[in-house]
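Trainee: I would like a close look at a single part of this model, and then how the rest is laid out around it. Please keep to what can be computed from the atoms.

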Amino acid sequence: TQRKIVLETTSTSFPSSHKKIVAPKDTPYFVENEFRLSSAESFIDVHDPATNNLVTRVPQMSKQELQEVIRSAQKAFSSWKNTSVIARQQVMFRYVGLIRENWDRLAAVITLEQGKTVADAKGDVLRGLQVAEAACSGPEYMKGEVLEVAKDMETRTYREPLGVVSVICPFNFPAMIPLWCIPVAAITGNTVVLKPSERAPGAAMILAELAEKAGFPKGVINVVHGAHDTVNFLLDAPEIKAISFVGSNKAGEYIYERGSANGKRVQANLGAKNHALILPDAERDQTLDSIIAAAFGAAGQRCMALSVAVFVGETENWLPELVKRAKALRVNGGFEGESDLGPVVTLQSKARIERLVASATNEGATIPLDGRGFKPDLYPNGNWVGPTIIADVKPSMECYREEIFGPVLSCITVSSIDEGIELINANEYGNGAAVFTSSGIHAERFRKNIEAGQVGVNVPIPVPLPMFSFTGNKRSVAGGGSNTFYGKPGVNFYTQLKTVTSKWTSRDVGPSKMALSMPT
Ligand code: NAD
C-alpha cells in the first residue's frame, strides 16, 4: 500500500488550467520517509474552491496509524538530537534549495486546493522559505552562555531540543505555516509530526517529499492527517512535548488548554480583526491602494488582512474612491492571469461571510459595494464573494465583533487620532494595526499607544520577516503571547535550557572544607 505522491504540474511553467495538476485520489500520510495510504474508514473531501470539483480525500487516520508515526518520530529523536548541529544545518541548506526549485509546484497545489491566485500562492511559499533560510543560522541562536562564577567554578548553559513536537496548521497558508515550524524545530534537533489543514494538505505533502530528498533521516519529518480526532490524539500523546498551533480562536483556545493541561509547551496564534487608522495628512493614493490590497488580497483570508478602515475626520470622504478601486478588482480562478483575488475556501465559508454581511444591513450599516452573488463566467460553481465594503459600522455590530475572514472591509469614522486608538484598543483581537499619516509625531503616538502585536506605519500588512518573530497580542494569541513563532523566540520555544555549574580544583590546594550552609 505504499506509493509515491504525484502532486505535480505537467509543465514547468504555471498551468493555465486545473487539468495540468494531478493530485492523488487519497492523500497519503508520511512516515519513515515514505508515503503510505491510510486504511481509514472515513475521509474528508477536498474541493477546488473555484470549481467545487473533488481534488483529493484526506483520511481520518486511525489511532494505530497515528501511534505508529509518533513512535517513528520518537525513535528518530535520540540520533537526530545527537547529530551535530553543523550536519543538521547541511540538511537545512539542501532543504532550502529544494523548496526554491519546487516553488512553482508548491504554489500550484496551493491554488488548486485553497483558491488563492498563483501570484499570491508564490508569496505564501516565499514567506515560509524565508523562515527556512533564516533557520540555517540556527546554530548561532543555539549558542549557550558561560561565566566564571567563583574561583575554579563556572556556569554554562546549553540549549537542548525537546523531543517530538507537533504542528497543527490552518488552511489559509498551506506552505508558510508548516515552514514557520519545520525548519526551526528540526535545526534545533527536534523531530516533527505535522498535521496540515484537512482542507489544504497538498503543500505539506510536497514539503515532506522534499524533506526526504534533502536528507532528513527517517522519522525526523512526518505528516499525519485528520480533523478533531487527530488533534486530540496529538494533544494527549505523552511522547509529544510541544504543540505549535495556528488557526481560529475556537480551536486554538481549546488546544492551548488541553495541551497545557497535559504538560506540553503550546504556542498558539489565533484570529484577528486588523484595523487601519487613516489620518487626514496621509498620502491619499498610496493609502487607498494599500487598504485595497490588504483588505481584498487572498480574498481577505489572511490573519493579517485588513478588515476595518477607521477614517479620521474628513478622510471619510475618501470612501467613494475606495469603493471605485475595490470595484475594479478582478475576481477569477486563481490560475487565470487576470485575477486579483480568487474564491473563498469552502461553501460554508461563503455562507458564513454572506450571513455576516446580511447581519450588518439588519443592524443599520450600509453596503456601498456588495460582492454577494458575483460569479466569474469561467467558474460558475465556485465559492465566490466579490469585494464588499460595509460603511457606517458600529462596534456593537456582529460584523465588527466577529472575524469575517473574507473579502469584506468594514468602515468606521472617528473624529480624532485618540478616538481611533481607543476604538482599536477596545477590540478584543490584537494581531495587527496600521496607521497612515505623513506626520512622525502622529505615527509615534499611534506606535506607543496601540495595543497590537504587529504595527504598520504606512505599511498595511506588517508581517515581520524571520529574523524577527510573529508577535500577536490580546485574543490573537493564546497564553498571553509568551511563545511566539520563528526568530530567536522560535528557537527558545523548541529548546530547553540546561544550566551546568562545574568546579575543577587542582589537588595541591590542600584539604577542602565542608560547609552545610548556603555560601554567603
Ligand atoms: P481552524 O481553527 O478551523 O483550523 C486550524 C486547525 O485546527 C486545523 O488543522 C483543524 O483540523 C484543527 N481544528 C479545527 N477545529 C478543531 C477543534 N474543534 N478541535 C481540534 N482541532 C481543530 O482554522 P482555519 O479556518 O483553518 O484557519 C483560519 C483561522 O486561522 C482564522 O481565524 C485566522 O485568523 C487564523 N490564522 C491565524 C494566524 C496567526 O498567525 N495569528 C495565521 C493564519 C491563520
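Trainee: Is Thr471 buried or exposed, and how many other C-beta atoms lie within 10 Å?

Mentor: Thr471 is buried, because 21 other C-beta atoms lie within 10 Å. The cut-offs are these: a residue is buried with 20 or more other C-beta atoms within 10 Å of its own, exposed with 12 or fewer, and partly exposed in between, the C-beta atoms being placed from the backbone. Two conventions come first. Residue numbers start from 1 along each chain as its sequence is written. The model is predicted, so local features need a pLDDT of at least 70 and side-chain atom pairs count only at pLDDT 80 or more, while totals for chains, interfaces and linings use all residues.

Thr471 sits in the loop between strand E21 (454-457) and strand E22 (473-474). Helices (H or I, at least four residues) and strands (E, at least two) are DSSP runs, numbered from the N terminus. Setting aside neighbours within four places in sequence, Thr471 is in contact with Gly453, Gln454, Pro464, Gly481 and Thr484. Contact here means C-beta atoms, placed from the backbone, within 7 Å. Thr471 and Glu253 are 218 residues apart in sequence, and their C-alpha atoms are 17 Å apart in space.

Strand E22 also holds Lys474. Lys474 counts as partly exposed because it has 19 C-beta neighbours inside 10 Å. Its phi is positive, near 50 degrees, in a residue other than glycine. Most residues other than glycine have a negative phi. Ala298 is another non-glycine residue with a positive phi, of about 55 degrees. Ala298 lies in the loop between helix H10 (284-296) and strand E15 (306-312), and it counts as buried because it has 25 C-beta neighbours inside 10 Å.

Now the whole protein. Its secondary structure comes to 16 helices and 23 strands. Buried residues make up 52% of the 520 residues. Of the contacts with a separation of 6 or more, 72% join residues 24 or more positions apart. The C-alpha atoms fill a box of roughly 90 × 60 × 40 Å along the principal axes.

Helix H4 (residues 118-135) has 18 residues and reaches 26 Å from its first C-alpha to its last, close to the 26 Å expected at 1.5 Å a residue. The expected span is 1.5 Å times one less than the number of residues. The buried residues of H4 include Val118, Asp120, Lys122 and Leu129, and what covers the buried residues includes helix H2 (85-101), helix H3 (103-114), helix H5 (138-142) and H6. Helix H6 (residues 176-187) has 12 residues and reaches 17 Å, close to the 16 Å expected. In H6, 12 of its 12 residues are buried, Trp180 and Cys181 among them. Gly189, with a positive phi near 100 degrees, follows H6.

Two strands make a contrast. In strand E10 (residues 191-195), five of its five residues are buried. Thr191, Val193 and Lys195 are buried on one side, and Val192 and Leu194 on the other. E10 pairs in the parallel sense with strand E9 (residues 164-168) over five bridges; strands pair if DSSP finds at least two bridges between them. The bridge partner of Ser166 in E10 is Val193. In strand E7 (residues 146-150), by contrast, zero of the five residues are buried, so it lies largely in the open. Four bridges join E7 to strand E8 (residues 153-161), which run antiparallel, and Glu148 stands opposite Glu154 in E8. The hairpin of E7 and E8 has two residues between the strands, and in it Asp152 takes a positive phi near 65 degrees.

Last, the ligand. Of the 28 residues around it, Pro170, Gly247, Ser248, Asn269 and Cys303 come nearest. Helix H8 (228-236) and helix H9 (249-261) are the elements that give two or more residues to this shell.

Notes
Near = placed C-beta within 6 Å. Contact = placed C-beta atoms within 7 Å.
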